[in-house]
Every structure is written in structure tokens, then in C-alpha cells.
Amino acid sequence: MQVVTQKDALFKPHLLPIVVGTTVEWPNQDEILHNVYSFSETKQFDLGLYKSEAKKITFEKPGRVDVFCSIHSKMHCVVLVLTNPYFAATDAKGSFTITNVPPGNYRVKAWHERLPPQVKEITMPEKGGVKLDFVLGIKGLPQY
């Protein structure tokens with residue numbers, strides 16, 4: 001089970017990558033009411049107004065789920081529901097590690113909620129690892 005906490009009128013973490021079939025718990029740690037909901041095609045739900053208890057949602061199909069609070073307009077997070085366990089979120093320095101990847105050929109996608117994704121093809125060796133660097137951004141902008 002994964003957890004997205006409601007604290008200081010924010011969802012933490014802001015981005016939660018999970019595998020299809022994962023249940024996410026939504027505890028409210030504020031002293032105020034929240035209403036967690038999503039109208040996303042991947043998963044629609046409305047947990048209603050609640051204050052102290054934690055509610056749970058299971059995500060059955062892959063895709064992006066944008067989650068909001070109907071009371072607090074700045075509360076937003078993204079649940080990224082993926083089809084395999086080979087993913088990672090970056091740390092504060094932008095680094096990431098994906099572990100236990102079997103040998104073979106793969107397409108690795110770097111994703112950001114507001115930028116175009118970038119895909120690179122890799123071959124994972126029998127032993128050792130692969131180092132990848134991504135630079136996300138919008139290409140073709142005018143230079144001034």
C-alpha cells in the first residue's frame with residue numbers, strides 16, 4: 001500500500017508512481033476538512049468530505065490520475081499508474097535508480113507533468129547497470 005498525506009493543505013508526495021492494482025491510502029493530517037477526488041479517465045472517484053480518518057482507493061488501470069480537493073484549489077497531485085515495477089522518481093538532485101531490471105532491451109521514458117517526455121532505448125547487461133542522463137525541456141523555442 002502507498003500513502004498520499006494531506007498536510008498543510010497539500011498532498012504529499014505531489015507525484016506518486018505506482019503499479020496497476022496498488023491501493024493508495026489518503027490520510028487527512030490537517031485539522032480541516034478535505035475532499036479528495038478525481039475526474040481522470042483512468043480513475044474517477046470522490047472520497048467526500050472527511051477530517052480524521054484515512055480513506056483508500058485501488059487503481060486498476062494504467063494512466064495519469066490528477067487528484068484535487070474540492071475545498072482547496074491549490075491542492076493537486078498526480079498518481080501515475082504504470083504497468084510494470086521498473087520506475088523511479090527523482091531525488092532532490094534529479095538522480096534516480098531503477099533496481100532489479102532483468103537483462104534485455106528496453107525503452108526508458110523520462111516524464112514530467114508539464115514537459116514533453118523523452119524516451120531512450122537501452123540494453124541491460126547480464127551484470128552491472130546502465131547510466132542514463134535525461135534533459136527535459138521544450139525544443140524549438142525562439143532564441144532571443
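**Strands and pairing**

Modeller: β1 and β5 run parallel and are joined by two bridges. The model is predicted, so local features require pLDDT of at least 70 and side-chain atom pairs pLDDT 80 or more, whereas totals for chains, interfaces and linings use all residues. Residues are numbered from 1 along each chain as its sequence is written, and side-chain values use heavy atoms, without hydrogens or water.

Biologist: What makes β1 and β5 a pair?

Modeller: Two strands pair if DSSP finds at least two bridges between them. With two bridges, β1 and β5 meet that condition. The names follow DSSP runs numbered from the N terminus: strands (E) have at least two residues, helices (H or I) at least four.

Biologist: Why are β1 and β8 called edge strands?

Modeller: The open sheet has three strands in the order β1-β5-β8, with mixed pairing. Both β1 (2-3) and β8 (54-58) pair on one side only, and they are therefore its edges.

**Core and aromatic rings**

Biologist: What makes a group of residues a nonpolar core?

Modeller: A nonpolar core is a set of buried Ala, Val, Leu, Ile, Met, Phe, Trp, Tyr and Cys residues joined through side-chain atoms within 4.5 Å. The largest such core has 19 residues, and those with the most contacts inside it include Phe-11, Trp-26, Phe-45 and Val-67. At least two of its residues come from each of β4 (15-19), β5 (23-27), β7 (44-50), β9 (63-69) and β10 (76-82). A second, separate core has five residues, among them Val-108, Ile-122, Leu-132 and Phe-134.

Biologist: Which residues are in contact with Val-67, apart from its neighbours within four places in sequence?

Modeller: Contact means heavy atoms within 4.5 Å. Among the residues that Val-67 reaches in this way are Phe-11, Trp-26, Val-36, Tyr-37, Met-75 and Val-79.

Biologist: Why is the pair of Phe-11 and Trp-26 called edge-to-face?

Modeller: Rings of Phe, Tyr and Trp (its six-membered ring) pair if their centres lie within 6.5 Å; planes under 30 degrees apart are stacked, over 60 edge-to-face, and the rest tilted. Phe-11 and Trp-26 are 5.9 Å apart centre to centre, with 80° between the planes, so they form an edge-to-face pair. Phe-11 lies in β3 (residues 10-12) and Trp-26 in β5, 15 residues apart. Both also belong to one aromatic cluster with Phe-45 and Phe-59.

Biologist: How do you know that Phe-11 and Trp-26 are buried?

Modeller: Buried means under 20% relative accessible area, exposed over 50%, and partly exposed in between (1.4 Å probe, protein chains only). Phe-11 has 5% and Trp-26 has 0%, so both count as buried.

Biologist: Is the pair of Tyr-37 and Phe-68 stacked, edge-to-face or tilted?

Modeller: The centres are 5.9 Å apart and the planes 35°, so the pair counts as tilted. Tyr-37 lies in β6 (residues 34-39) and Phe-68 in β9, so the pair ties together parts 31 residues apart in sequence. At 17%, Tyr-37 is buried, whereas Phe-68, at 28%, is partly exposed.

Biologist: What makes Lys-120 a charge over the ring of Phe-134?

Modeller: The definition requires NZ of Lys or CZ of Arg within 6 Å of the ring centre and within 35 degrees of the ring normal. Lys-120 lies over the face of Phe-134, at 5.0 Å from the ring centre.
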